[in-house]
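My entries follow the order in which I looked things up.

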Amino acid sequence: MKKTLLASALLALFGSALLQAAEPPPTVIHFGVAQVGKGGVPFSNGGVAGLADQRKAIQAELEGQGIEVRWHYFKGAGPAVNEALANKQLDFATQGDLPAVVGRAGGLDTRLITADSLLSSTYLVVPADSPARSLEDLKGKKVALFKGTNLHLAILRALAHEGLSERDFRSLNMDFATMAAALASKDIDGAWFHQTAFDLEASGVGRIVYDTRAVDARLTRQSHVLVRGDFERKHPQIVQKVVDALVKTAAWAATDANRDEVFTLWANSGTAEQSLRAEQEGQSFQRRYSPRLDEFFIERYRTTARESRELGLIRRDVDVARWVEPKYVDDAIERLGLQQLWPQYDADNQPVPR
């Protein structure tokens with residue numbers, strides 16, 4: 001009887017392996033980006049994945065396999081990407097930490113496979129002629145933010161750091177384009193932005209009064225590339241090819257000789273190149289665009305998951321250790337000989353001694 005049961009189990013396991021091996025490769029893979037350029041142009045103004053799109057890096061890595069790569073840019077940012085993942089309209093996506101945590105807590109079957117950008121700041125912008133000089137000056141006034149994006153939690157962190165909360169303001173939920181227009185017309189007293197804050201300063205529309213990264217690195221945002229769990233289980237070789245392309249793109253972007261071209265490609269989003277350069281001033285491309293899923297990355301996502309639960313943004317815990325899958329990026333870095341370019345960082349954002 002025991003032999004019969006063992007034989008049945010082995011047959012079932014072998015049959016499952018055969019079915020997985022027989023899974024035909026897709027003819028198209030869909031890659032989502034939780035950002036869109038000005039006027040809806042399909043470009044992003046930061047991160048590695050958007051550069052990989054413009055440089056056709058993933059398509060080149062998959063050359064000869066008969067697989068097309070289609071990119072989708074979402075005005076609705078991270079929440080819109082989650083909806084597309086839930087409907088199985090995407091295979092890969094890049095988005096920020098909070099939306100991904102919300103999606104995971106809500107049951108989305110995803111795996112985090114590379115970092116896309118680290119240590120991103122969030123900026124509070126007021127009209128250029130506003131008398132406001134600090135967060136305190138805006139208490140009780142109309143301040144807009146894009147809820148559900150990865151800026152949302154960063155904003156709540158910043159407010160708590162200053163002894164404030166969202167209730168201290170007349171908070172309004174707007175997307176970035178609507179906020180920019182409302183700021184220009186002075187229908188609001190302030191708004192929270194990503195790097196487009198520097199565009200608003202350069203155009204004379206706004207003035208930055210708070211920069212989270214300048215205050216504390218723990219107030220920054222992180223983003224990543226993820227894959228749908230079902231796709232990863234069926235096509236791990238394709239996942240590795242995609243990660244290889246992203247790692248090669250990150251290494252290209254980290255090379256000083258390519259810096260001008262990086263800014264030119266990001267500026268295709270409609271954000272002025274001078275604004276992009278201003279946002280990056282004093283920052284290390286090697287650090288900010290490291291693809292590693294090291295202890296720093298994991299700890300920031302653990303913190304995001306914990307704080308999201310404490311603030312009622314999610315209702316279930318997220319096990320980040322089981323969610324992150326570093327084997328693809330670790331393999332790519334080792335195989336491509338890029339260990340020196342990207343050292344490991346600990347939870348406190350300090351390099352780990354080799």
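**Basis.** I worked from a predicted model, in which local features need pLDDT of at least 70 and side-chain atom pairs count only at pLDDT 80 or more, while totals for chains, interfaces and linings use all residues. Residues are numbered from 1 along each chain as its sequence is written, and side-chain values use heavy atoms, with hydrogens and water left out.

**Helix pair.** I looked up helix 11 (residues 236–253) and helix 17 (residues 327–335), whose axes come within 9 Å and cross at roughly 55°. Helix 11 is therefore oblique to helix 17; angles under 35 degrees count as roughly parallel, over 145 as roughly antiparallel, 65 to 115 as roughly perpendicular, and the rest as oblique. I noted the crossing of these two helices as right-handed, meaning that the near helix is turned clockwise from the far one by less than a right angle. Helices here are DSSP runs of H or I with at least four residues, and strands are runs of E with at least two, numbered from the N terminus.

I then listed the contact (heavy atoms within 4.5 Å). Helix 11 contributes Pro236, Val239, Gln240, Val243, Asp244 and Val247. Helix 17 contributes Lys327, Tyr328, Val329, Asp331, Ala332, Ile333 and Arg335. These residues divide into 8 nonpolar, 1 polar and 4 charged. In this scheme Ala, Val, Leu, Ile, Met, Phe, Trp, Tyr, Cys and Pro are nonpolar, Asp, Glu, Lys and Arg are charged, and the others, Gly among them, are polar.

**Threonine 249.** I stayed in helix 11 for threonine 249. A polar atom of the threonine 249 side chain lies 2.8 Å from the backbone oxygen of alanine 245. Not counting residues up to four places away in sequence, threonine 249 touches Val48, Leu51, Ala52 and Ala57.

**Histidine 224.** Which side chain does that of histidine 224 join in a polar contact of 2.7 Å? I found tyrosine 301. A polar contact is a pair of N or O atoms within 3.5 Å; within protein, one must be able to donate a hydrogen and the other to accept it, and residues adjacent in sequence count only if both atoms are side-chain atoms.

**Arginine 207.** I located arginine 207 in strand 9 (residues 206–211).

**Alanine 197.** Beyond four places in sequence, alanine 197 touches Tyr123, Val125 and Ile208.

Most residues other than glycine have a negative phi. Lysine 56 is exposed, at 54% relative accessible area. With a relative accessible area of 49%, lysine 186 is partly exposed.

How values were computed
Axes are lines fitted to C-alpha atoms, for helices over the stretch in contact, and angles run from 0 to 180 degrees between N-to-C directions. Buried means under 20% relative accessible area, exposed over 50%, partly exposed in between (1.4 Å probe, protein chains only).
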